[in-house]
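Let's take a walk along the place where two protein chains meet. Keep the model open beside you as you read.

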Protein chains: 4
Amino acid sequence: MAEVQMVDADERRTLIAELEKYNFRVSSPDRPLFTKEPNSSMVPVLWKAGDIAEQLEQIGSRLKLQAGGARRTLQLSNPGLPYGTTPTFWVSIQYILPGEIATAHRHMASALRFIMQGEGADTTVDGEMYQINEGDLVLTPNWTWHDHEHKGSEPMVWIDVLDISLVRSCHAVFFEDFESARQTPNVIPDESYRRFGSGLMRPLRRPEPKKYSPLLAYTSAMSEEALRQAAGLDPDPYDDVILEYQNPLTGESALPTIGTRLQMLRPGTHTRAHRHTGSAVYYVVRGEGATIIDGRRFEWAKGDFLALPPWAVHEHLNTGQSEAVLFQVNDIPALEKLGFYREQPA
Amino acid sequence: MAEVQMVDADERRTLIAELEKYNFRVSSPDRPLFTKEPNSSMVPVLWKAGDIAEQLEQIGSRLKLQAGGARRTLQLSNPGLPYGTTPTFWVSIQYILPGEIATAHRHMASALRFIMQGEGADTTVDGEMYQINEGDLVLTPNWTWHDHEHKGSEPMVWIDVLDISLVRSCHAVFFEDFESARQTPNVIPDESYRRFGSGLMRPLRRPEPKKYSPLLAYTSAMSEEALRQAAGLDPDPYDDVILEYQNPLTGESALPTIGTRLQMLRPGTHTRAHRHTGSAVYYVVRGEGATIIDGRRFEWAKGDFLALPPWAVHEHLNTGQSEAVLFQVNDIPALEKLGFYREQPA
Amino acid sequence: MAEVQMVDADERRTLIAELEKYNFRVSSPDRPLFTKEPNSSMVPVLWKAGDIAEQLEQIGSRLKLQAGGARRTLQLSNPGLPYGTTPTFWVSIQYILPGEIATAHRHMASALRFIMQGEGADTTVDGEMYQINEGDLVLTPNWTWHDHEHKGSEPMVWIDVLDISLVRSCHAVFFEDFESARQTPNVIPDESYRRFGSGLMRPLRRPEPKKYSPLLAYTSAMSEEALRQAAGLDPDPYDDVILEYQNPLTGESALPTIGTRLQMLRPGTHTRAHRHTGSAVYYVVRGEGATIIDGRRFEWAKGDFLALPPWAVHEHLNTGQSEAVLFQVNDIPALEKLGFYREQPA
Amino acid sequence: MAEVQMVDADERRTLIAELEKYNFRVSSPDRPLFTKEPNSSMVPVLWKAGDIAEQLEQIGSRLKLQAGGARRTLQLSNPGLPYGTTPTFWVSIQYILPGEIATAHRHMASALRFIMQGEGADTTVDGEMYQINEGDLVLTPNWTWHDHEHKGSEPMVWIDVLDISLVRSCHAVFFEDFESARQTPNVIPDESYRRFGSGLMRPLRRPEPKKYSPLLAYTSAMSEEALRQAAGLDPDPYDDVILEYQNPLTGESALPTIGTRLQMLRPGTHTRAHRHTGSAVYYVVRGEGATIIDGRRFEWAKGDFLALPPWAVHEHLNTGQSEAVLFQVNDIPALEKLGFYREQPA
């Protein structure tokens, strides 16, 4: 879309200034709006487990939390962006000391936690209490009340994901504190698990599906077994063995805007390369390997995080002797809903 | 809708005869088409486990199967209907001797099996082989190829359900034999289980949903655990603890026309009474109890079958000391799709 | 599915009699349930406009209506069926004399009217009053209250269609008279037309879609113009120019069980032949032509009706000088929902 | 979500600097991410028809277009935003001189045109040519090829809307020039209108619905008549008479991300006030009135544009003697898909 031209640059500047008085603009040659392909300012970043552990130790010991809402979190910050980990979402690593509480609140952003380490915390989401375990994916869909308390004896670490940048792009930020510090849990614990946990047998009276999964938590036991089963199937050319956490009432992604996947690269795997719109962050649950992003190789191992920019060509390798397992979050469900998702083999 | 009247009955008869020559009719006072409520000719029937066992023994010893397609089946026959167990579907009890084979075929009717007893048979449905176990629900959706072979050493018994009467009502019967006696199974056994068996993690590339579940079999282990979990929730007023086998990609019933449910009546349960359109057949997996249908009490125990007519008021009791579990098939998904489903508390 | 064999026919009879005592049956060689293809007892029938006019005259003059619910209708009766026009629905021609009223009622069967001739009647469906005109399609979806009154000065004639046989197959017949003879119409006439009549602009607050169209009537002016526009497109190989009346909120058929179509065969048209499950009845709005059904040729002209059995091979010809227009009702939406629809080129 | 505190501000600064080396951040007290409600930087703006006409005259006479892709457009620029008219989309007024051509291209952003004035241009979208008229809404859904040529004798003016800011937020910008200057139109003109233009009769073989309407253009004649009909219904409390342009195959908004509405404020109307997420721009088709936005009154008349920020309380008045008609574009369909839409009476 070529720009409008004027014979004289001065005349052009005069016109532009004049138009500005009326809140008009003409298209400018300086800011090309339309690029042939996404030209994302986001850069690939690798965060190493050792650095994370060291800095968590720092914020654990040096930060003093205010009573209530504060958290000890390391935000994974993308140097190519003004803020956030990707153009649409933030990934933080949260460090929770025994006895710490996050008071109940809700927000328009969809959020989730994936438990990296530890035990003893419980969370309550819209009245349902759940005991958090390592490897669990716990959803806090948008506008659901949530709080947590760490009742264990050792620090816990989990991943926090929030699509706050997407919400901000739409100027739709809402935040609300609950009327008291913590919710009173329902009488029936694990209610959503009891109701929807099999994925294959549903309540007789099918509830009206919401935009998000009715299930609060996807347990590590379930997801690891599903991955093991899927390993017996034909592999995906770009991702080897890969599954999406789904809403069991609709087959849609568990959250409307954030995609969550668990992926196994079997020993010896070197996938084909491709690229797609949407950004992603990987967390290495176990194993070791490498991902080549736009020609640059990132070696990763257990506990590392890796951020993948939109439309970057990427391929994965397992460089170890045993299987590598990656947990992935992305914004692909949002892009698909908007009609912006595209994918291309390299 | 009152009928048309004529002053003279003779004149009426003359007119009717005349119209018949042109393939016309006028509405008749003799066959009221429109009743205030369903006035089903189907009657409730109880089939006792002892009678079933005795007659299975008879057909096991006295019938000689033709090579290939024949089966030893006891059709549960409703004396109120010209044929079939309910207005829309047939339930049969199939008795399979070691070494018996059912050759591969397909039909327009949707079908399913629920395994009552035994082990050692395998079935292949559209190329996927599955080893059948007691308590499993195995689907053979409409127009899918299926065959089976009993490789065990003791007789097996399973329930066969076919919505053949519904298909016949629509004059849409198709049947086709496969090109050979048995299908060549896919290289990957249990493929659909590996792909969809968790119900909560789906293949990354979501397949286009069909009208029926992508899962060949719902295992007893899964369904019993789901029932145990659901027992911790608020009970259903008419059915105590009850779950529907669902299509994990859509949340719809596993088959488009036949509903399948597993139900637990906890000790001491006496449900409220209600009625609904659609017919159902119960199989007592374990326990003992009673169902009162339109004022008549049917006492049932492990291994019995009970048929429930449309719009019959019914309530369930567990009369034993332990939980009672019922497997149910019905035509409610078909009626819901057509807009004919109604339900009413008694 | 070959039958079970016994060495001795006597022994077989004994067994069958014994089983019957327990409400059991074995499969019988006499009633083959499964045919390779639909073997419908329905036969193709042509009803000629002249005969219809003559017999309408008869029932107009010789029948005396009871006050209230009675109608003067000629049911199109299929000699291959115990009752009804096709396996699932009934088509009647209704003759309405000036001043006649049909009192308000509702039923589980879906129904519709297509106006053949006359003017001056109004109908009220679930409170909305509509002035009926020639060529209109008027819906009375299942369980909606409806009544009508003929306020004009000449007899009117319209087609009545009811999927009562399908409802009966499911033993789900309900009928209810309204509390008074006629409904009190809403203050806003033509409300559904005002709300949904453009098909392209919908109320801002989108109503929860029902199983049937929110629009009471599809006017002749609209449907004829749509047909005229579609005539400029590539023709359908089997039907030349053909459109389905749709639910503008969902794109589904206007009624959940009955399909309604308007079709134009342009001069010189001779379509390709095909067959499909589902039965249909054609009404010739104008023009003349022929339909060849399973090798038998039926010549039709304005005002005739033609019934097409399931899975019958058929092709259409326009044998006149001007366009021929057919209104069609069928049960294809029901069959599609149940998974029973199949189609095959001849 | 209170921030993390440290006893000493210096120590905090040291920690933050240290974390930055590893691409980590801790939450900052300076940039509160979570506000209780949307605190949009977008401001309400009114553009007057007189200013628009004057400036269009300027760019018509003073700008010289490069051959091909350039356009004469006045972008409506929101002074509260770095660029664009609202947080997610751009509205421009395009001035097309006789003989001007826009060469064929496509982009990931969804776009539309609403014709303000003139005649004689045609556009081709994915091969279908359409003759543009005043008051028409013409869609160019994302990734569809489009070009246009003005063959008339007087300048034309239309509104251009592009959700380019939303696409940019997702880093998903794509743009592609067609292989030649203009597309070769299909042999059948107005194909989508012929196929889907009635909204009530659809092609027999229902096409697989896309994320956007199958209809290229919504004519002024149709939309004005729909509005006139809707004026007979109960008014909307916040918008009087208001309709959404819909996809006739699904009932969804015509474009997946951009909502389009036509609204009539009848003489004497003063609506109730409310607020909602999502931003909007109104174009005054005719009439005069006022909109009060967060307490500030904007008087508008034919030809004016008005921008409404997210979550701003607003109410409308018709201050003239005749009906006022507004065309509105917004991003509400995108927000609804993402789960970010909320609405609140004032």
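The paragraphs below look at the interface of chain C and chain B.

This is a predicted model, where local features need pLDDT of at least 70 and side-chain atom pairs count only at pLDDT 80 or more, while totals for chains, interfaces and linings use all residues. Residues are numbered from 1 along each chain as its sequence is written, chains are lettered from A and ligands numbered from 1 in the order in which they are written, and side-chain values use heavy atoms, with hydrogens and water left out.

Start with the extent of the interface. On the chain C side, 89 residues are in contact with 89 residues of chain B (heavy atoms within 4.5 Å). Together the two chains bury about 8,300 Å², with carbon and sulfur atoms giving 63% of that; buried area is the accessible area (1.4 Å probe) that two parts lose on being put together, summed over both. Within chain C, the residues losing the most area to chain B are C:R25, C:H171 and C:F340, together 9% of what that side buries.

What holds for polar atoms here? Between chain C and chain B, 23 residue pairs are in polar contact, both residues at pLDDT 80 or more. A polar contact is a pair of N or O atoms within 3.5 Å; within protein, one must be able to donate a hydrogen and the other to accept it, and residues adjacent in sequence count only if both atoms are side-chain atoms.
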